[in-house]
Protein chains: 2
Amino acid sequence: MTTTIVFAPDELARQLNVILQAWGMPPDQSQSTVDIMMYADLRGIESHGLMMLPLYDDFRRAGRLNMAPTVKTVRDRGATVLIDGDGGLGHYPSQLAMRAAIQKASSLGVGVASVRNSNHYGPAGAYAGMAAEHGLLGLSVSAVYRPGIVPTGGKVPMLGTNPIALAAPAKRNQMFSLDMSTSTAAVGKIKLAKLHSKPLPSGWAVDEQGAPITDADEGLRIRYLTPLGSNPVLSSHKGYGLATMVEVLSTVLSGSSFAPTRDRLRPGVSSMDVGHFFMAIDPSFFREPGEFEDDMDALMEALRLTPAIDPAKPVQVAGDPEHREFQKRSAHGVPVATDLVEMLRQLAKASSADFFLEAIA
Amino acid sequence: MTTTIVFAPDELARQLNVILQAWGMPPDQSQSTVDIMMYADLRGIESHGLMMLPLYDDFRRAGRLNMAPTVKTVRDRGATVLIDGDGGLGHYPSQLAMRAAIQKASSLGVGVASVRNSNHYGPAGAYAGMAAEHGLLGLSVSAVYRPGIVPTGGKVPMLGTNPIALAAPAKRNQMFSLDMSTSTAAVGKIKLAKLHSKPLPSGWAVDEQGAPITDADEGLRIRYLTPLGSNPVLSSHKGYGLATMVEVLSTVLSGSSFAPTRDRLRPGVSSMDVGHFFMAIDPSFFREPGEFEDDMDALMEALRLTPAIDPAKPVQVAGDPEHREFQKRSAHGVPVATDLVEMLRQLAKASSADFFLEAIA
């Protein structure tokens, strides 16, 4: 088992900010990036928060991540916006994009914003949630910098774990917040199995011949993931189709690179050139004020009242576990595994940034 | 095994038209409905074509289907449209809705149309495909008149098999066309197993205690379906989340009924009150002319070239099997199972409609 150290959310955010700025990121962009990373770490979505920093460090050292990008709106017409991320991290341009989509939706009922030439953008649900905070329906999907999902019938990964997030506001309830990768299991779950020295359930990962593997080390090393559905009999073609849908909306619509052919087909492009998609819809264009939120409450409450197989484990609605974790961590601090704390210390040291984190528990 | 009789597509369409009109449907609406039914039967999506007629007949006899609805645009503002189906079948208002979304997208880059107080609308892919035929990205999702999917951890179905369809145009290739239910297996596949007296694969259907069942008769009788993912270990909460996402976009946004609470919460509503969602996006608002289609070709061709586990079974892209079937059936006719032909004959007779179908093979 791993031991953890608990930090105050504000202190953790300040530490992440200092590191990103030591890497050359302008303060407004680093604040924006840290907001999204903390969204993840406050909700127990560890795989998309500070745990990503070493990878970002690898990218920038390899010259594939622009730490001081000039993010530009390159098109703005009707209900649509296209933003160029200039090869930087995705968090900052993605917040601009969702804000633009929200603004469009407020005047036209719907807004779509697309981001090209970006990189990892953290948890998709953070952007969908921005719209729901404004009383709108929010949707975000994104391509990923490397392929992980093996198409049904194939032997090598071609699509990222391409997430889908939808958020919708309610009144009595916390917002509905779906945020899922289109693979059977996220990479984070495989890391967790490895961390706890447990075998992988059959159906999460495959080897180079397409056969299921259950060794967590092997699974993480090869990193060939099944699409949601897991195998052809249980309709993995649907998960594969969803991952492709996300690729179309993120990569093809924005004019970004398709990861498996990026380095071959776009030799002049040094960035990871990832694309994202954002949409906001204003329910007040369809319903009388308050009706949408009332019906969201009714829907979520009806689902939670579904008779449960195990009465001690009531049926949940997308977002429930993350809302609970957010309450807890906001009040009592964010637990960080000791090896991740050490990683932060090393990253700070390597870039001559202050390291000042102190445990609160 | 079942025997089939092959009919010319035009004749089959004419026969369906005559029956729907004998039921009181105005000719423009019946033509529109038959176009969508034939979309299904020409592509091998039998479960959503003429096979649905007996259910439509049940609905109308039970007073839950308005055969001569006054379909009205009740809202039209910005990039959004809301259409009321007046308790009729979904095919006709849904075509109006997708046409409205296409028109909005042509001037504003994106259009969203919502349909309320509707019923079954056939294959979701038909509407997404309308947008792709116009060079646009098309998306459609829909609620279903009855619950079929059991939420993860629950014992009774709460959500319809809520389909998701996305279509995107290409140049050298037929359009990308994803059309999938959010259950592991569609009801049609269970009917097929029963027809061929085969057991159901474990993981498609469950009994009233939430345990997997493999008896096809039982599976079809109980009709409790697992969400895509099939079980908690293989992430059925994702399929459940997707089905809920579809319910939010279809039911809550349009102001339609949530099927499990419809008859209790909306006692004045005699129709099935199903909601649908349609979106069109014009790629020319994001890319230079032709770039989107070129990249769709590149994406689809790269996916088909994924090294295959079995070289005799190349990797496919969503829509490939349906495109092949369409070519075949357009040229050689539509095979219809003999018991379905008999069903058509009986339906025609019961409503004093001509029955004139003659086999071409």
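What volume does the largest cavity have? About 130 Å³, in what is, keep in mind, a predicted model.

To get there, select A:Leu139, A:Met245, B:Leu139, B:Met245 and B:Leu249; of the 15 residues in the lining, these lie nearest the centre of the largest cavity. Now colour by class: the lining has 15 nonpolar residues, with no polar and no charged ones. Switch to cartoon and pick out β5, β6, α8 and β10 of chain A plus β5, β6 and α8 of chain B, each of which supplies at least two residues of that lining.

Next, the second largest cavity, with a volume of about 50 Å³. Select B:Ala143, B:Val144, B:Glu247, B:Ser257 and B:Ala259, the closest to its centre among 16 lining residues. The classes here are nine nonpolar, four polar and three charged.

Now zoom out to the interface. Chain A puts 86 residues in contact with 86 of chain B, and the two chains bury about 6,800 Å² between them, 73% of it on carbon and sulfur atoms.

Last stop: select helix α8 (residues 236–254) of chain A, which gives the largest share of the side touching chain B, 14 residues. That side of chain A divides into 49 nonpolar, 27 polar and ten charged residues.

Technical notes. Residues are numbered from 1 along each chain as its sequence is written. Chains are lettered from A and ligands numbered from 1 in the order in which they are written. This is a predicted model: local features need pLDDT of at least 70, side-chain atom pairs count only at pLDDT 80 or more; totals for chains, interfaces and linings use all residues. Side-chain values use heavy atoms; hydrogens and water are left out. Contact means heavy atoms within 4.5 Å. Buried area is the accessible area (1.4 Å probe) that two parts lose on being put together, summed over both. Helices (H or I, at least four residues) and strands (E, at least two) are DSSP runs, numbered from the N terminus. Ala, Val, Leu, Ile, Met, Phe, Trp, Tyr, Cys and Pro count as nonpolar, Asp, Glu, Lys and Arg as charged, and the others, Gly among them, as polar. On a 1 Å grid over the protein atoms alone, a cavity is a set of points where a 1.4 Å probe fits but cannot get out, and a pocket is an open set with protein on both sides within 12 Å along at least five of seven lines; lining residues have an atom within 4 Å of a point. Grid points are joined across faces, edges and corners, and a volume is the space filled by probe spheres set on the points.
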